[in-house]
Amino acid sequence: MDDGLAYTVIGTAMVVAAFSGLMALLGRPPRLPHLVGLGLVELVLVVYAVLAMGKMFTGERPDAMATFVGYLLTAVLIPPLGALIGWAERTRWGSMIISFACLVVPIMVVRLQQVWGVWDG
Amino acid sequence: MAEPADTGPAPDPGPGVPEKTPEQTEVQTPEQTEEQTVAGPAATGTGPGRVLVAVYGFFALAAGARAGWQIATRLQEAPLAYLLSALAAGIYLVAALGLASRRPAGRRVAIACCTVELAGVLVVGSLSLLIPDVFPRATVWSGFGIGYGLVPLVLPVLGLLWLRHTRRPAPG
């Protein structure tokens, strides 16, 4: 998959993770900016997923397609799940959950890139 | 509902955590006050516990999606490894639900899951290093979960510690 797009997803997720982590350290519960951040992460992830699916249907296949699709589905579900659980916890720990969710996304993207065969694993 | 407005604060978040700000106490959810009308053990699914619920949820999802797909497409390659991954995913899901639950049964379920998980990661982790042929394909628990940043090893320990921490009702 396209490197630039992968870095965009990773960068966005890291920024939101840092912001939420800082809010957790300061003892702040999740607020609207957290959700906007998660929304941004989800948006770039969906763009990544749609382009990956498009490439798969037009011939270019990852080395291990099964694993790739499994990871892709998981990655796309992480920000909404983080938003649901994090928002329900109206303390600093809610911000922590959102931060964790955003840290998992880059890990998933690195794995996705490795499975696709572009990045060394 | 004729219940005391405040029968006790949320579970002690542990050392090093400053007291809640007024802003945080005023946004207590209804279920937090409801659960504390019974003088049972403190809730396992709020505060730091909710972080555990989230991490267990992520793991159930990640391991589940991977194992489900592997079983559907190439079970014959490594049936034991793939079925074990699916089992691990199931245990993570039940652990998340048990921790999130407010009922005493939830606590017992969570304790059972964390214990099985810890035993699983230790046994499978040792086996995968001593007799690699048993698991030709990696599972969540292979190499003590090194493929997942050792989180599978740390998570059940944190879970059991948290369950022990919340065993008694919150003070006050």
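**View 1. Overall make-up of chain B in this predicted model.** Helices (H or I, at least four residues) and strands (E, at least two) are DSSP runs, numbered from the N terminus, and on that basis chain B reads along its sequence as α-α-α-α-α-α. The structure shown here and in the views below is a predicted model. The secondary structure of chain B comes to six helices and zero strands, and buried residues make up 40% of its 172 residues. Among the contacts in chain B with a separation of 6 or more, 67% are between residues 24 or more positions apart.

**View 2. Where chain A touches chain B.** In this view, 21 residues of chain A are in contact with 22 residues of chain B. On the side of chain A that touches chain B, the elements giving two or more residues are H3 and helix H4 (92-116) of chain A, and the largest share, eleven residues, comes from H3(A). Sorted by class, this side of chain A has 13 nonpolar, six polar and two charged residues.

**View 3. The crossing of H3(A) and H3(B).** Helix H3 (residues 65-88) of chain A and helix H3 (residues 48-74) of chain B have axes that come within 9 Å and cross at roughly 160 degrees, which makes H3(A) roughly antiparallel to H3(B). The crossing in which H3(A) passes H3(B) is right-handed. Residues that make the contact include A:Ala66, A:Gly70, A:Leu73, A:Leu77 and A:Ile85 of H3(A), and, from H3(B), B:Arg50, B:Gly57, B:Phe58, B:Leu61 and B:Trp69.

**View 4. The largest nonpolar core and the surroundings of A:Val105.** The largest nonpolar core has 74 residues, and those with the most contacts inside it are A:Val105, A:Leu112, B:Tyr56 and B:Tyr92. Two or more residues are given to this core by helix H1 (3-25), helix H2 (32-57), H3 and H4 of chain A, together with H3, helix H4 (79-100), helix H5 (104-130) and helix H6 (151-165) of chain B. H3(B) provides the largest share of this core, 15 residues. Leaving aside residues up to four places away in sequence, A:Val105 touches A:Val9, A:Ala13, A:Val41, A:Leu45, A:Ala75, A:Ile78 and A:Pro79.

**View 5. The pairing of H5(B) with H6(B).** The axes of H5(B) and H6(B) come within 9 Å and cross at roughly 150 degrees, and the two helices are therefore roughly antiparallel to each other. Their crossing is left-handed. In H5(B), residues including B:Arg107, B:Ala110, B:Ile111, B:Cys114 and B:Val121 take part in the meeting with H6(B), where the partners include B:Pro152, B:Leu153, B:Val157, B:Gly159 and B:Leu163. By class, the contact of H5(B) with H6(B) has eleven nonpolar, one polar and two charged residues.

View 6. Most residues other than glycine have a negative phi. B:Phe144, found in the loop between H5 and H6 of chain B, has a phi near 60 degrees, a positive value in a residue other than glycine. B:Leu150, which lies in the loop between H5 and H6 of chain B, has a positive phi of about 65 degrees although it is not a glycine. With 18 other C-beta atoms within 10 Å, B:Phe144 is partly exposed, and B:Leu150, with 14 C-beta neighbours inside 10 Å, counts as partly exposed.

Notes:
Residues numbered from 1 in each chain as written. Chains lettered and ligands numbered in written order. Predicted model: local features only at pLDDT ≥ 70, side-chain atom pairs only at ≥ 80, totals over all residues. Axes fitted to C-alpha atoms, helices over the stretch in contact; angles between N-to-C directions. Parallel < 35°, antiparallel > 145°, perpendicular 65-115°, else oblique. Left-handed = near helix turned anticlockwise from the far one by under 90°. Contact = placed C-beta atoms within 7 Å. Nonpolar A, V, L, I, M, F, W, Y, C, P; charged D, E, K, R; others polar. Core = buried A, V, L, I, M, F, W, Y, C linked by C-beta atoms within 7 Å. Buried ≥ 20, exposed ≤ 12 C-beta atoms within 10 Å, placed from the backbone.
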